[in-house]
Amino acid sequence: MSFQSAGLRPTVLASALALLFSLSTGIALAQDATPAASATSPAPAASVAAAASTTSAASAASPAGSAAAASSPTPAASAAPAASAPATASTALAAATAANVVAGGSAAAKPGDVAAGQGKAAVCGACHGLDGNSADAQFPKLAGQSEQYIVRQLTDFKAGIRKNAIMMGMAAPLSPQDMHDLGAYFASKTSVPGVADQALVEHGQMLFRQGDGKRDIPACMACHSIDGRGNPGAMYPQLAGQHAAYVEAALKAWHDGTVWGTDAQAQIMPGIAKLLDAKDMAALASYIEGLHSTAKPAASPTP
């Protein structure tokens, strides 16, 4: 027993020391390799979140840095989304507005129906007469007026382009089809002419048929036709038989700067009226009231 115990002791002790040295060396090598591996390996989600929160805190704690970033020029790529958002909204709004205009415009309406227009014209009769021949000179005669011209005026009243407190209110609830039906009804009627003042006929007839070249005044019949029936295609109104007081008041308003719209066509009469004096206006208005139309109302063409 003694021999065996004494013989084995040095051997066991040497083996234990060798094993302990090996383990210590392995642990040291593993500790040295861990940082390198961590640096090259992807960070865990928790580490990324921590880093992000740390960065946010640092940014919040650095006002000077934030101000500098805000004042620095924004890259084009970053500015593009911000600029495109309002532009997209404006484009959509413009497209919707255009769609509403098309849907509500006269292009969406069918040609006027005379029978339908007769029923709708009942309310108009209070001022313009049931057949479009008004008894009161302050209200224009509509009988024989073209469908296109009536639709244009009602559209302008509704839009506030042409100003008249009564007519703007009357036109407000009308649809494009209502306007066409009313226009067709009044176009089917015949204007009843009045009587011209014989003292004014010669001068009025000269201006209506010849104009005055010395003053650059064109002949009225160039647009309104030789018998005052107007030109439906160009939407020049009928004048024949119109109340002299109404025509004279309109000429004076144009002379003084009133304009019934902003388009080129609306600028024609204001420009001509400025060339007329009071005697011209009175003579023309009287001649027009007594002017007899020789043509029957024409069927309204398809708009």
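The buried residues of helix α14 pack against α10, α12 and α13 (268-273), where buried means under 20% relative accessible area, exposed over 50% and partly exposed in between, using a 1.4 Å probe and protein chains only. Keep in mind that this is a predicted model, in which local features need pLDDT of at least 70, side-chain atom pairs count only at pLDDT 80 or more, and totals for chains, interfaces and linings use all residues. Residues are numbered from 1 along each chain as its sequence is written, and side-chain values use heavy atoms, with hydrogens and water left out. As for the names, helices (H or I, at least four residues) are DSSP runs numbered from the N terminus.

Let's stay with α14 for a moment. Of its 12 residues, 9 are buried, so α14 is largely enclosed by the rest of the structure. Among those buried residues are Met281, Leu284, Tyr287 and Ile288.

Next, look at one of its partners. Helix α12 (residues 244-255) packs with α14 (residues 278-289) at an angle of about 145°, and their axes lie 8 Å apart. Those axes are lines fitted to C-alpha atoms, for helices over the stretch in contact, and angles run from 0 to 180 degrees between N-to-C directions. The α12 side of the contact (heavy atoms within 4.5 Å) includes Val247, Leu251 and His255, while the α14 side includes Met281, Ala285 and Ile288.

Now over to α10 (residues 198-209). This helix has 12 residues and reaches 17 Å from its first C-alpha to its last, close to the 16 Å expected at 1.5 Å a residue; that expected span is 1.5 Å times one less than the number of residues. Which residues of α10 are buried? They are Val201, Gly204, Leu207 and Phe208. They cover an arc of only 145° around the axis, which puts them on the same side of α10; the arc is that of the directions from the helix axis to the C-beta atoms. An α-helix has 3.6 residues a turn, so residues three or four places apart point the same way. The cover over the buried residues of α10 includes α11 (221-224) and α14.

Finally, the loops. Most residues other than glycine have a negative phi. Asp216, in the loop between α10 and α11, has a positive phi near 60°, and Asp216 is exposed, with a relative accessible area of 62%. Met235 sits in the loop between α11 and α12. Phi of Met235 is also positive, near 60°, but Met235 is partly exposed, at 25% relative accessible area.

Technical notes:
Helix = DSSP H or I, 4+ residues; strand = E, 2+ residues; numbered from the N terminus.
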